[in-house]
Amino acid sequence: MAKSPVQFRLNGSDRATFVDPGDNLLVTLRRGLNEFGPKYGCGQGACGVCTVLIDGEPHLSCLTLAVACEGRHVETVSGMADGPNLHPLQNAFMDNFAAQCGFCTPGMLMAARALLERNPNPTREEVIEGIAGNICRCTGYEPIITAILAAAGNRGQRQA
Amino acid sequence: MARHKGRGMASINYPIGMNLGGDPSQALIHSNPDGKFTVALSAIDLGQGMKQVTRQVAAETLGVPVEDVYVDTADSDTGPHDMGSFASRGTHRMGNAVIAAAREARGVLLEAAAEELEVNAADLVTDGRGNIHVRGAPSRSITVRATAQAAQFKQGKTIAGRGIFLIPLSAVDAETGEMNPNTAFAHACLVADVEVDDETGEVALLGITSSYELGRALNPKMVEQQLVGGAWMGQSHALYETPEPYYPNPEHGPRDFNEYLMPGPGDIAPYSVTILERPAPDGPFGGKGPGEMCANPVLPAVANAVFNAVGVRVDELPITPEKVLRGLRANGGAKPQARRGN
């Protein structure tokens with residue numbers, strides 16, 4: 001089957017590769033572009049570890065066709081930090097012990113980032129809804145919820 | 001039709017480690033020429049914090065800053081032997097092995113420093129900030145870094161240590177059947193509050209209150225983290241997840257996360273935990289470790305709470321609405337039990 005070229009921005013850089021028409025974005029990122037931020041969990045949209053932002057909206061990259069990303073901006077956890085400066089959410093995850101094995105963390109961070117970008121001051125219930133599509137096996141969710149609320153509380157200060 | 005509240009309790013004596021053919025762990029420590037130390041272990045950190053705890057144990061024993069210790073658990077082919085990260089044995093077994101290795105390495109470190117300072121090694125102490133000095137005379141000092149460089153480039157010495165911690169095989173007594181596979185027990189008591197809907201059979205976990213005694217909490221935040229996460233897993237085993245819902249019949253088993261149920265972030269219950277520290281005599285700095293007991297007592301406590309709420313004794317996990325409804329029907333309706341406390 002003929003490969004199709006696809007070009008999109010990945011964490012601020014223009015990237016291009018060849019894909020099969022049915023390739024999903026997750027496989028394209030991991031195998032084609034060596035971008036291992038998004039993880040492969042269930043492969044059917046039920047666990048959330050492959051969550052990325054496409055033009056600022058959270059998407060499950062395992063259910064997204066790579067060719068549908070032509071010309072769009074894909075953001076992964078690898079692009080969250082600004083050089084040596086971690087994103088406020090990453091700092092909050094560290095400070096609140098919101099990771100143990102770390103496998104869910106890339107997807108959790110992207111889901112949380114999408115939430116805070118559309119709702120900078122979420123309630124606890126809104127945080128729970130924002131990460132409801134992401135499974136965590138280790139933390140019991142409470143430290144993750146606490147971290148996201150803490151990051152929301154700190155955003156004003158850090159930007160000032 | 002009503003919702004009934006119930007409260008259940010469970011206590012646990014939890015053995016740390018196991019004993020099949022003996023239970024050994026090894027550790028190797030060496031210094032690099034920059035005065036930093038590498039600890040090699042073959043047990044791995046699954047996220048529970050073993051690397052951090054063994055790093056603290058190594059730094060404390062060596063007498064150097066924790067930042068100057070790196071724990072490498074990369075490769076069981078090339079590392080020292082270990083039984084593995086399971087049976088809640090990490091803190092206790094690897095911690096003790098690391099202490100043994102760090103003591104030997106510290107002995108060589110102080111001898112190398114003594115040669116540089118031209119004093120007796122027995123008179124030297126460490127300040128935990130990267131310096132070694134003569135006891136009572138802080139000005140007679142040398143840095144760990146300078147000592148490591150002298151050992152490497154002048155004295156031709158390796159600052160290194162070997163450690164093993166072995167719980168030997170406990171054979172079964174042929175006459176009595178008695179054996180003692182365990183050296184350290186951790187303890188906990190946990191109370192679960194639930195609400196059972198006698199129309200749908202659904203059980204809602206309202207809250208968990210617990211106290212844990214697990215020796216000294218070597219890293220209190222990580223202990224708390226494990227206990228909170230483990231309670232979620234206990235809740236999941238008690239009320240949601242199972243690979244074989246109609247065991248031994250393999251049909252109707254879940255095939256994916258849409259059928260293998262787990263509580264999501266909206267299903268978690270408020271959790272209050274109190275940690276009691278009673279340092280264990282044979283634990284590394286008194287630590288026993290939380291491990292699997294974070295999850296275990298949640299299951300019987302929830303089962304007892306369901307019985308307390310509606311009088312249904314479910315003895316197969318998970319406690320699904322179907323099992324509760326079958327129990328209610330067999331009993332002729334909800335039979336709330338007496339409740340102690342408030």
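Which residue forms a salt bridge with B:Arg89? I began with this question, working on a predicted model in which local features need pLDDT of at least 70, side-chain atom pairs count only at pLDDT 80 or more, and totals for chains, interfaces and linings use all residues. Residues are numbered from 1 along each chain as its sequence is written, chains are lettered from A and ligands numbered from 1 in the order in which they are written, and side-chain values use heavy atoms, with hydrogens and water left out.

**Entry 1.** I found that the partner of B:Arg89 is B:Asp82, with the closest N and O atoms 3.0 Å apart; a salt bridge here is a side-chain nitrogen of Lys or Arg within 4 Å of a carboxyl oxygen of Asp or Glu. Both B:Arg89 and B:Asp82 are buried (buried means under 20% relative accessible area, exposed over 50%, partly exposed in between, with a 1.4 Å probe and protein chains only). I also noted that these two belong to a network of salt bridges that links them with B:Asp23 and B:Arg93.

**Entry 2.** I then looked up B:Glu116, whose side chain meets that of B:Lys154 in a salt bridge (2.7 Å, N to O). Because B:Glu116 lies in helix 2 (residues 90–117) of chain B and B:Lys154 in helix 3 (residues 144–155) of chain B, the pair ties together parts that are 38 residues apart in sequence; helices are DSSP runs (H or I, at least four residues), numbered from the N terminus. B:Glu116 is partly exposed at 25% relative accessible area, and B:Lys154 is exposed at 62%.

**Entry 3.** Over all chains, I recorded 20 salt bridges in the structure.

Key
Helices (H or I, at least four residues) and strands (E, at least two) are DSSP runs, numbered from the N terminus.
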